[in-house]
Amino acid sequence: MTKVYKVHPGILVEYQEDDETLFALLDNVTWDEWFNSEDAEKPFQSWSNKGNPILEAEVETIRKAFTEAPIQSQEVWAAGVTYFRSRVARMEESKDAGGGDFYDRVYDADRPEIFFKATAHRVSGPGVPVRIRKDSTWNVPEPELTLAINYRKKLIGFTIGNDMSSRSIEGENPLYLPQAKTYDQCAGLGPCILLGTEPLSESTGIQVRIHRGSEGIVFQGSTDLAQMKRKPLELIDWLTKESSFPDGAFLMTGTGIIPEGDFTLESGDEVEIEIDNIGILKNPVE
Ligand code: DO4
Ligand code: MG
């Protein structure tokens, strides 16, 4: 059976041995070095020997110190309209601006929609606020399986991404997409990278829950990877065709969950995204 390794910021590695969860803290390597090392692809055999084993009881204390996102110098990119639900929602929001047709066409085209999302300083780790733009009136989180890709353009693992989006800005004019998508704290990433060089099973579930103070859960939705029209390796191929990534990159693979049109996020909400086998990413909204 293949071993499961999860790498948390830190670099704290979580793995299973003889039905036990073990942890090792790697203090002799930076995140960028680890991300682009041979061991990240294999994954991890020799690092586990180099790491300092720590007790499970110490892990929570250590992890609290790492409300960081699992990123150092990697760029964050995102694919769009990769699920039918996204195609329908974008066509609705942009119909008055005459942009609906573009989403329909990109859903069926060979070339996917891929856009630049963020550099590391615009990304929030677990528990750290993500933001809604002050000049936007209609906002949603987008829960997305996110691929970790090394400088050799190879898939090394998976994390959870929140592609925070302004639907009012995007819907006004599709040319405003970069402003709808990229601003300070426009993305959540974490809590770890589940190592793996093969795509996850299509039955992998993605869930989102939006909590609003005493009202409780005001939106929840779910999907699975079988609903995604594009394949992860196809998206990596398009992203890396004419671009190099000296420190590697993250690629969000698009959302299959979008609340109905009358829903907007509010400051004070908390977004909780869960992807099977990876974990849970929670961020308050500012
Ligand atoms: O085309 C606009 C953005 C699409 C997107 O972010 C998504 O489908 O997830
Ligand atoms: Mg998205």
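1. The lining of the second largest pocket is made up of six nonpolar, three polar and five charged residues. Here Ala, Val, Leu, Ile, Met, Phe, Trp, Tyr, Cys and Pro count as nonpolar, Asp, Glu, Lys and Arg as charged, and the others, Gly among them, as polar. The model is a predicted one, in which local features need pLDDT of at least 70, side-chain atom pairs count only at pLDDT 80 or more, and totals for chains, interfaces and linings use all residues. Residues are numbered from 1 along each chain as its sequence is written, chains are lettered from A and ligands numbered from 1 in the order in which they are written, and side-chain values use heavy atoms, with hydrogens and water left out.

2. This second largest pocket holds about 260 Å³ of space. Among its 14 lining residues, E60, R63, F66, P126 and P191 are the closest to its centre. Two or more lining residues come from each of β1 (5–8), α4 (56–64) and β17 (279–284), and α4 gives the most, with three residues. Helices (H or I, at least four residues) and strands (E, at least two) are DSSP runs, numbered from the N terminus.

3. On the terms used: on a 1 Å grid over the protein atoms alone, a pocket is an open set of points with protein on both sides within 12 Å along at least five of seven lines, a cavity is a set where a 1.4 Å probe fits but cannot get out, and lining residues have an atom within 4 Å of a point. Grid points are joined across faces, edges and corners, and a volume is the space filled by probe spheres set on the points.

4. How many cavities of 30 Å³ or more does the structure hold? There is one. The largest cavity contains about 70 Å³ of space, and of the 15 residues that line it, G80, V81, R90, E142 and K181 are the closest to its centre. Its lining divides into four nonpolar, four polar and seven charged residues.

5. The largest cavity is the space taken by ligand 1; a molecule sits in a cavity or pocket if more than half of its atoms lie within 2 Å of its grid points. In the shell around ligand 1, two or more residues are given by each of β5 (75–80), α5 (84–93), β6 (113–118) and α8 (177–181). The elements β5, α5, β6 and α8 also each supply at least two residues of the lining of the largest cavity.

6. Around ligand 1 there are 16 residues, of which V81, S86, E113, K181 and T255 come nearest; a residue counts as near if one of its heavy atoms lies within 4 Å. This shell comprises five nonpolar, four polar and seven charged residues.

7. Ligand 1 makes several polar contacts, pairs of N or O atoms within 3.5 Å. Oxygen atoms of ligand 1 lie 3.0 Å from a polar side-chain atom of E142 and 3.0 Å from a side-chain N or O atom of E144. A polar backbone atom of T255 is 2.9 Å from an oxygen atom of ligand 1. Taken alone, ligand 1 exposes 280 Å², and the protein buries 100% of that, by the Shrake-Rupley method with a 1.4 Å probe.

8. The peptide bond from G10 to I11 is cis, with omega near 15°, and I11 lies in the loop between β1 and β2 (12–17). Another cis peptide bond joins G190 and P191, with omega about 5°; P191 belongs to strand β12 (residues 187–195). K153, although not a glycine, has a positive phi of about 70°, and is placed in the loop between β9 (143–149) and β10 (155–163).

Methods: A polar contact is a pair of N or O atoms within 3.5 Å; within protein, one must be able to donate a hydrogen and the other to accept it, and residues adjacent in sequence count only if both atoms are side-chain atoms.
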